[in-house]
Amino acid sequence: MGRISFKPGNMLYPLPAVLVTSRDASGRDHIFTVAWAGTVCTNPPMLSISVRPGRASYPAIRQTGEFVVNLTTKKMVGDVDYCGVRSGREHDKWTERGLEKMEASKVNCPALAASPVQIECKVREILELGSHHMFVADVVHVSVDEAYMDEKNRFHLEKADPIVYSHGTYFDLGKPLGTFGYSVRKKKRRS
Ligand SMILES: Cc1cc2nc3c(=O)[nH]c(=O)nc-3n(C[C@H](O)[C@H](O)[C@H](O)COP(=O)(O)O)c2cc1C
């Protein structure tokens with residue numbers, strides 16, 4: 001079988017589909033869906049989100065320099081889609097979807113109570129790349145739902161049923177295939 005060349009485009013999938021929450025200077029709360037999100041540095045902990053300037057959330061994040069990345073789950077998939085196809089300009093997405101807010105700890109933003117992981121961010125740099133502007137941000141606080149902690153105090157995101165987004169479709173994670181380093185790990189001998 002041969003291979004087919006595609007014109008250069010966004011083919012880096014699957015991706016997380018997260019809900020980004022923010023509060024504008026007038027005190028209005030915003031929420032929208034973002035798939036162009038990524039970890040960019042371990043130490044200091046940093047992530048990026050890329051946002052079209054036309055989004056209602058854009059000026060809020062640009063002016064305040066603060067936002068929260070809320071990870072999403074199977075239960076939340078309807079909210080993920082809705083918040084990605086309706087704008088805060090015409091809709092109160094919080095009320096329409098019955099979304100419960102929490103106050104973030106280190107930034108003046110709402111966070112999404114249903115989210116298993118809330119990542120609070122402060123913008124360090126804005127790269128005006130083209131269609132999207134990339135907010136490169138420091139992670140200043142992380143809060144997780146204690147329901148997903150085990151007795152050894154380890155966090156299990158997989159128990160929250162996280163979702164991914166690939167070529168226009170939302171998927172769940174499916175079965176685990178191996179853990180970090182499993183290919184080189186020595187098998188335990190049976191005595
Ligand atoms: C799955 C999905 C992923 C999206 N990813 C992004 C993204 O990474 N950046 C962006 O600017 N818009 C993205 N959008 C579109 C915005 O979420 C959408 O335009 C939303 O209505 C903006 O809301 P707002 O105007 O209230 O800020 C995405 C939409 C969906 C459904």
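Two strands are taken to pair if DSSP finds at least two bridges between them. Helices (H or I, at least four residues) and strands (E, at least two) are DSSP runs, numbered from the N terminus. The structure is a predicted model, in which local features need pLDDT of at least 70 and side-chain atom pairs count only at pLDDT 80 or more, while totals for chains, interfaces and linings use all residues. Residues are numbered from 1 along each chain as its sequence is written.

The protein chain contains three helices and twelve strands. Its C-alpha atoms fill a box of roughly 65 × 50 × 35 Å, taken along the principal axes. Of the 191 residues in the protein chain, 27% are buried; a residue is buried if 20 or more other C-beta atoms lie within 10 Å of its own, exposed if 12 or fewer, and partly exposed in between, with C-beta atoms placed from the backbone. Contacts are defined by C-beta atoms, placed from the backbone, that lie within 7 Å. Among contacts between residues at least 6 apart in sequence, 62% join residues at least 24 apart.

Seven strands form an open sheet with antiparallel pairing, in the order E3-E2-E6-E9-E10-E5-E4. E3 and strand E4 (37-41) stand at the edges with a single partner strand each, so one side of each is left without a neighbour in the sheet. On average, neighbouring strands of this sheet are turned by 35 degrees against each other, direction ignored. Within the sheet, E5 and strand E10 (residues 133-144) run antiparallel and are joined by six bridges. Serine 48 stands opposite valine 136 in E10.

Helix H1 (residues 57-64) packs on the sheet, where it touches E2, E3, E5, strand E6 (66-70), strand E9 (117-128) and E10, and its direction makes about 60 degrees with that of E2. Axes here are lines fitted to C-alpha atoms, for helices over the stretch in contact, and angles run from 0 to 180 degrees between N-to-C directions. The buried residues of H1 are Ser57, Ala60 and Ile61. They cover an arc of only 90 degrees around the axis, which puts them on the same side of H1; the arc is that of the directions from the helix axis to the C-beta atoms. The cover over these buried residues includes E2, E3, E5, E6, E9 and E10. Just after H1, glycine 65 has a positive phi of about 70 degrees.

Helix H2 lies across E2 and E3 and runs at about 105 degrees to E3. In H2 (residues 77-85), Asp79, Val80 and Cys83 are buried. Viewed down the axis of H2, these buried residues fall within an arc of 105 degrees, so they line one face of the helix. Gly78 and Val85, on the other side of H2, are exposed. The buried residues of H2 are covered by elements including strand E2 (18-23), strand E3 (29-34), helix H3 (93-96) and strand E12 (169-172).

The ligand is surrounded by 21 residues, of which Trp36, Ser57, Gly84, Ser87 and Gly88 are the closest; a residue is near a molecule or strand if its C-beta atom, placed from the backbone, lies within 6 Å of it. E3, strand E5 (46-51) and H2 are the elements that give two or more residues to this shell. The largest share, four residues, comes from E3. By class, the shell has nine nonpolar, seven polar and five charged residues, where Ala, Val, Leu, Ile, Met, Phe, Trp, Tyr, Cys and Pro count as nonpolar, Asp, Glu, Lys and Arg as charged, and the others, Gly among them, as polar.

A further open sheet has three strands in the order E1-E11-E12, again with antiparallel pairing. Its edge strands are strand E1 (15-16) and E12, each of which pairs on one side only. Two bridges join E1 to strand E11 (residues 163-166), and proline 16 has valine 164 as its bridge partner in E11. E11 is joined to E12 by four bridges; in E12, valine 164 has phenylalanine 171 as its bridge partner. E11 and E12 form a hairpin with two residues between them, and histidine 167 in the turn has a positive phi of about 50 degrees.

Leucine 173 is found in the segment after E12. This residue is partly exposed, with 13 other C-beta atoms within 10 Å. Not counting residues up to four places away in sequence, leucine 173 touches Glu158, Pro162 and Val164. The C-alpha atoms of leucine 173 and proline 162 are separated by 6.7 Å, and the two residues are eleven apart along the chain.

Technical notes:
Contact = placed C-beta atoms within 7 Å.
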